[in-house]
Amino acid sequence: MYGELTDKKTIDKVRQTFDNYESNCFEVLLYKKNRTPVWLYMQVAPISNENDKVVLFLCTFKDITVFKQPIEDETTRGWTKFARLTRALTNSRSTLQQLTPMNKTEVSHKHSRLAEALQLGSDILPQYKQEAPKTPPHIILHYCTFKTTWDWVILILTFYTAIMVPYNVSFKTKQNNLVWLVLDSVVDVIFLVDIVLNFHTTFVGPGGEVISDPKLIRMNYLKTWFVIDLLSCLPYDIINAFENVNEGLSSLFSSLKVVRLLRLGRVARKLDHYLEYGAAVLVLLVCVFGLVAHWLACIWYSIGDYEVIDEATNSIKTDSWLYQLAISIGTPYRYNASGSGQWEGGPSKHTLYISSLYFTMTSLTTIGFGNIAPTTDGEKIFSVAMMMVGCKYH
């Protein structure tokens, strides 16, 4: 505790060291509970976590009273300097033992430790770093630099999947374009490699410990994300690229690609670390809003595409929003009686997607200009559900 003989400037330095999260050392005079003054060599070392944020301080104190000018208090007032020094030595038995040499080797060792204790630099401050647990050679720590970088790559590819999968399923696109086919194949291969890495990556157990046992790692992964990850990395786009694939089988493969969206659960867990930053929350909300609008736009188009043509009578429904859009932009649907015997024409897929996204954006923000409006029962039910979703953002 502080007392009347404690230097005020030293007190201010100690307080400033804690306020600035610095490492420093001081010689300070403090008092015991019985009001006995004692000189201490104080070392302050800030301890940071893995995010370089100071979470606590380590303070070490060494009694150096015997090496300082003997202290004169009320109990020793009037004593000679030699008498006060004798009292300080007898009150510190451990210090007296340290100063009692037994052999030359111990004398030199004690002298070096004494010199180290009296050193005023910060070089002797201990370095604190979390020791990496010992793992088998083929096991990867889940927080190492490589795994962290790899997780960010998977995160970006998951967002890419979350955008492209609903679009490809709703608009029934076949990846005949070689560039897109190669890109999607590379994504599938990366997801497959991620499965292999997950079988060799540590995880945190229920008690907070790092599990590095290969058998436990495999069992944990098989019980959690293995099935979802396996379904998400199958090459559906390569299968759909073949022209002779049965239409029903192709639709089944396209529908299974939606399973990849379940990987967004991992994204939510990773982004949870950034929710304490205001700018990160704002960017995250904008991304989530755009992603939800994209999904709803794909569903909105699927409803219109399903209802625009009555397959039972092979006639077109003039009250569908797709038909109304085709008439307004001058690209109407037409019946090919001499050829395929099916309805053809209509707006391009790019126009249909932009129009669908425009409608979902205006509905979610409760603006609604009315140039694209629901007319059938299915479109109205979906619009009501979309408006309820939009209320969550206001």
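Student: What makes β2 and β3 a pair of strands?

Tutor: Strands are DSSP runs of E with at least two residues, numbered from the N terminus, and two strands pair if DSSP finds at least two bridges between them. Nine bridges join β2 (residues 37–48) to β3 (residues 54–63), so the two count as paired; they run antiparallel. Ser-48 stands opposite Val-54 in β3. Five residues lie between the strands of this hairpin, where Asp-52 takes a positive phi near 60 degrees.

Tutor: Please note that this is a predicted model: local features need pLDDT of at least 70, side-chain atom pairs count only at pLDDT 80 or more, and totals for chains, interfaces and linings use all residues. Residues are numbered from 1 along each chain as its sequence is written, and side-chain values use heavy atoms, without hydrogens and water.

Student: Why is Leu-231 called partly exposed?

Tutor: Buried means under 20% relative accessible area, exposed over 50%, and partly exposed in between (1.4 Å probe, protein chains only). Leu-231 has 30% relative accessibility, and therefore counts as partly exposed. This residue is found in helix α8 (residues 226–232); helices are DSSP runs of H or I with at least four residues.

Student: What is a nonpolar core, and which residues have the most contacts inside the largest one?

Tutor: Such a core is a set of buried Ala, Val, Leu, Ile, Met, Phe, Trp, Tyr and Cys residues joined through side-chain atoms within 4.5 Å. The largest has 25 residues, and Leu-322 and Tyr-333 have the most contacts inside it. Its largest share, eight residues, comes from α12.
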